[in-house]
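Here is a short tour of some ring and helix contacts. Have the structure open beside you as you read.

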Number of protein chains: 2
Amino acid sequence: MNRRKILGSLAAVTMSGVATKFGGSPTAAAAQSESKGNSAADTSASRTGPRNLITDVGGLQVGQSHDAKVQTGVTVIVPDKAAVAACDIRGGGPATRETDALAPENLVQEVDAIVFSGGSVYGMAAADGVASWMGARNRGFSFQQVAGVPPSPIIPTACLYDLANGGDKSWGELPPYRELGVEALEAASGDIQLGTAGAGYGAMSGGLKGGTGSASVVSSEGFNIGALVAVNSLGSAIAPGGKQFWAAPLELNREFGGLGTDGLAAGPEDYGRAMRPPPPRTNTTIACIATDVTLTRVEAQRVAIMAQDGLARALRPVHAPFDGDVVFVLSTAQREGPENSPRSVLTTRIGALAADVLARAIARAIFEATALPGSQVPAWRDI
Amino acid sequence: MNRRKILGSLAAVTMSGVATKFGGSPTAAAAQSESKGNSAADTSASRTGPRNLITDVGGLQVGQSHDAKVQTGVTVIVPDKAAVAACDIRGGGPATRETDALAPENLVQEVDAIVFSGGSVYGMAAADGVASWMGARNRGFSFQQVAGVPPSPIIPTACLYDLANGGDKSWGELPPYRELGVEALEAASGDIQLGTAGAGYGAMSGGLKGGTGSASVVSSEGFNIGALVAVNSLGSAIAPGGKQFWAAPLELNREFGGLGTDGLAAGPEDYGRAMRPPPPRTNTTIACIATDVTLTRVEAQRVAIMAQDGLARALRPVHAPFDGDVVFVLSTAQREGPENSPRSVLTTRIGALAADVLARAIARAIFEATALPGSQVPAWRDI
């Protein structure tokens, strides 16, 4: 490895960002960052993307749909063109589809969409709808194009369990997910409704209403990383005894209430509203990280691994046998990484940013959620 | 699943613990835990084991050794009898030995010792010393005992990179690790020196001196969980701009300084002393969780997965390509889990406790560390 190059790129990590914030020299900025007291929330206003959504990452859109009677929904992430993707599964109860295809030794390296769905195993039909829609428009993987043979859209999918949330699940042999998938896809845009929306519509999280969250961050050189998440976790996003989010140390611009970190604490086995009766069912936090930086399939895997740490920073406990936690990573490949950075350093930087932006997205999901009509489970805003 | 049983056991999670702390009825205790403000650190004094070390878990001892000239060391965890173990690897640069043997589909389900070592790839020789010592005493796995044939001690091992810490590594073809392994094993007891000791003797962590940490916790029913860790992380255990530990929300009894959580924050790409030049080398946090509760090999795996979240809560960033992060789990099988608890709930509870106790152990490693003579890298206590 070229030590000079690594040294230069690592300096950029800690110094250019700070220099941008304070407008000072790198040296003064480094001294500033060393000083006691932290005003990250005040000084980092410029560090989220303009929407503070995953769609700040160029080259992708997000569509959502829901069924208010069933109390469930679907979220679809659609890259403008097939995109390199990875997947890391750490929950003990995942409900997934087309994740094996993503293994780096396998044929396909790129995906056409990523689907999050409510509905547990039934939700996987959302990808049927998306696949059919895309295939009919000749979008998808085909090693050779043959007339009359549709391509195979690659649509990795993860579902969360919202079957017991009080909605009407008497769908018999006709669950609504195929249609919800198409509806979400057709609604794709740069806007994303947070909270009780999309795949997080019927979600619950640690005794509170769960939901859909998103956030973004811009690196010191201007590359973009965003997170989208549907939070249906066994564990809690807030510390016991109050309303403060576990992700509070990472909050930017009061994006989830600005309650700060004073008093953020939990004793052994004190999980607040989480881990209480009723008994656990399958829970799941499904997330997707996107970046406009070109990543290889294997680099994206390391980013997915590091991004799971965002779940650990935002939810307690997490990755339990009752969670089906899945993190996808998508590279829209709109820009190359810094020329003078070894790839391993770039991957480290993107993975570290991904973990933090995902933690923030999780807190925003709970912060933005509203209670379902008639539900016993309160939203964060109601407590 | 029997819902009544799950319900009962989950109630025990949140209520018995709190009831013990406050001496009140479960209902009053639950209300108390709901109130604003959190005094976990004050009210949980009884929740660590007597030593606040992994050796509070019955049925194991820990031995350590170091070489002050080489600035390296070894830690050996020795169960009284072969113990079920698991291993979860999440770092991008692991240096391990005998971890494949632990796969649940493989022959061996139990281990005779776990070794942590400095010395990067050379450190794996520490396990040679431990294996030879044990084999000569007829301890180890043998499917059939045959006269004159030694058993095969199973000694999963993970090493950290401390080659560039300024110590004298001019060992040529005779690295010191085999002898350090034997020395550590022969020193095994219930006491553990923390900080600059054992495998963490030569470790660095995010721009500060790393070290060896340990902590323990007692569940509401009295089962014990402990963590031992050698912290040599790329990322930092403290938030930028001060001395506060990322693990502060989980601190018990001012075990790492009682600095609290007010102001615990970090802006994007602000990693404080971590992620700065000099260029990254291979880093690693090696941990072992132990519990006296009987776990199957597969349950121990889930506990290892959940325990990795302790690294995420205590270090930022973590699980990078430059980290070789490994978590072992050891069950000394001295007691059964609660009879009325489904195993999945028990695993969840132990995994959740494991994550938190490991986060605390990491902070204690840095808190207790002292700088190496002549080193440019300060200890936490020196900043």
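Rings of Phe, Tyr and Trp (its six-membered ring) pair if their centres lie within 6.5 Å; planes under 30 degrees apart count as stacked, over 60 as edge-to-face and the rest as tilted. By this rule there are twelve aromatic pairs over all chains. One of them joins A:Trp171 and A:Tyr177, edge-to-face, at 5.6 Å centre to centre and 85° between the planes. Both A:Trp171 and A:Tyr177 are buried (under 20% relative accessible area, with a 1.4 Å probe and protein chains only).

This is a predicted model, where local features need pLDDT of at least 70, side-chain atom pairs count only at pLDDT 80 or more, and totals for chains, interfaces and linings use all residues. Residues are numbered from 1 along each chain as written, chains are lettered from A, and side-chain values use heavy atoms, without hydrogens and water.

Rings also meet charges here. A charge sits over a ring if NZ of Lys or CZ of Arg is within 6 Å of the ring centre and within 35 degrees of the ring normal.

| Charged residue | Ring | Distance to ring centre |
|---|---|---|
| A:Arg137 | A:Trp133 | 3.8 Å |
| B:Lys243 | B:Trp380 | 4.0 Å |

In chain A, Trp380 belongs to an aromatic cluster with A:Phe245, A:Phe256 and A:Phe367.

Now to the helices, which are DSSP runs (H or I, at least four residues) numbered from the N terminus. In chain B, α6 (residues 297–314) and α7 (residues 343–368) pack at about 35°, with axes 7 Å apart; axes are lines fitted to C-alpha atoms over the stretch in contact, and angles run from 0 to 180 degrees between N-to-C directions.

Key. Buried < 20%, exposed > 50% of the residue type's maximum accessible area, 1.4 Å probe, protein only. Helix = DSSP H or I, 4+ residues; strand = E, 2+ residues; numbered from the N terminus.
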